[in-house]
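Visitor: I am new to this one. Please show me how to read it.
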Amino acid sequence: MKRTIDRRAARTRRALHEALIALILRKGYEAITIQDIIDAADVGRSTFYAHYTGKEDLLRGGFETLRSELAGARQSASDRRDAGPLAFSLAMFEHACRYKQVYRALVGGRGGTVAVNEIRRVLADLVQDELRGAWDDKAVSRELAVEFVVSTFLTVLTWLLPRASKLTPLEADQMFRHLVIAGIGSSIGSTSRGAASSG
């Protein structure tokens, strides 16, 4: 009996998330009401509130699915011998490109703030886990390193969204990895050395 209830609850949550995404694409996050969501999902108001406290809570809940996907992608990548650091990043860029219209529709309003905060939280947890046993840099705290990686990822992601048709997730991931792992120091250094020697 419990399994039937769990399946029913999962089905209801999925219907509510799908309704929210469809409505975001159709009318934008700000204009959506709870009534719109329950009508589109074909569930009652009391059923909605049995699962979520409001539309922001529903939006946040969708990022728990993303967390599971990214954790699975990181695990799959780390099981391969050739996997490098930050194994979740390609899966995240693939997710963003798959749902680029939703990400674009969210950016700029209250929904965008919720979405970015949730993505930041999910990524921070993943990066924190990855650096927990590997970070030994005495010059920079692990906390700052996590913030740097997450902020860099979000910068690349928001830069990518308007260009998503021109760039593949793999190309975006390669740029992100270059910025985080190789850094821009060598590029800045060679530019300033070149300018100094020509002056």
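Guide: Start with a term. A residue is buried under 20% relative accessible area, exposed over 50% and partly exposed in between, using a 1.4 Å probe and protein chains only. By that rule, phenylalanine 88 is buried, and phenylalanine 153 is buried too.

Visitor: What kind of model is this?
Guide: This is a predicted model: local features need pLDDT of at least 70, side-chain atom pairs count only at pLDDT 80 or more, and totals for chains, interfaces and linings use all residues. Residues are numbered from 1 along each chain as its sequence is written, and side-chain values use heavy atoms, leaving out hydrogens and water.

Visitor: How many helices and strands are in the chain?
Guide: Both are DSSP runs, numbered from the N terminus: helices are H or I with at least four residues, strands are E with at least two. Here the chain has ten helices and zero strands. Of its 199 residues, 36% count as buried.

Visitor: How do I read an aromatic pair?
Guide: A pair of aromatic rings is described by the distance of the centres and the angle of the planes. Rings of Phe, Tyr and Trp (its six-membered ring) pair if their centres lie within 6.5 Å; planes under 30 degrees apart are stacked, over 60 edge-to-face, and the rest tilted. This structure holds six such pairs. In one of them, the ring centres of phenylalanine 48 and tyrosine 49 are 5.1 Å apart and the planes stand at 85 degrees, so the pair is edge-to-face.

Visitor: Is phenylalanine 48 buried or exposed?
Guide: Phenylalanine 48 is buried, because its relative accessible area is 0%. Tyrosine 49 has 40%, so this residue is partly exposed.

Visitor: What about phenylalanine 88 and phenylalanine 153?
Guide: Their ring centres are 6.2 Å apart, with planes at 50 degrees, so this pair is tilted. The pair links distant parts of the chain, 65 residues apart: phenylalanine 88 sits in the loop between α4 (55–79) and α5, phenylalanine 153 in helix α8 (residues 142–160). Phe88 and Phe153 form one aromatic cluster with Phe93 and Phe176.

Visitor: Which ring does lysine 55 lie over?
Guide: A charge sits over a ring if NZ of Lys or CZ of Arg is within 6 Å of the ring centre and within 35 degrees of the ring normal. Lysine 55 lies over the face of tyrosine 29, at 4.3 Å from the ring centre.

Visitor: Where is tyrosine 99?
Guide: Tyrosine 99 is in the loop between α5 (89–98) and α6 (100–106). Its relative accessible area is 34%, so tyrosine 99 is partly exposed.
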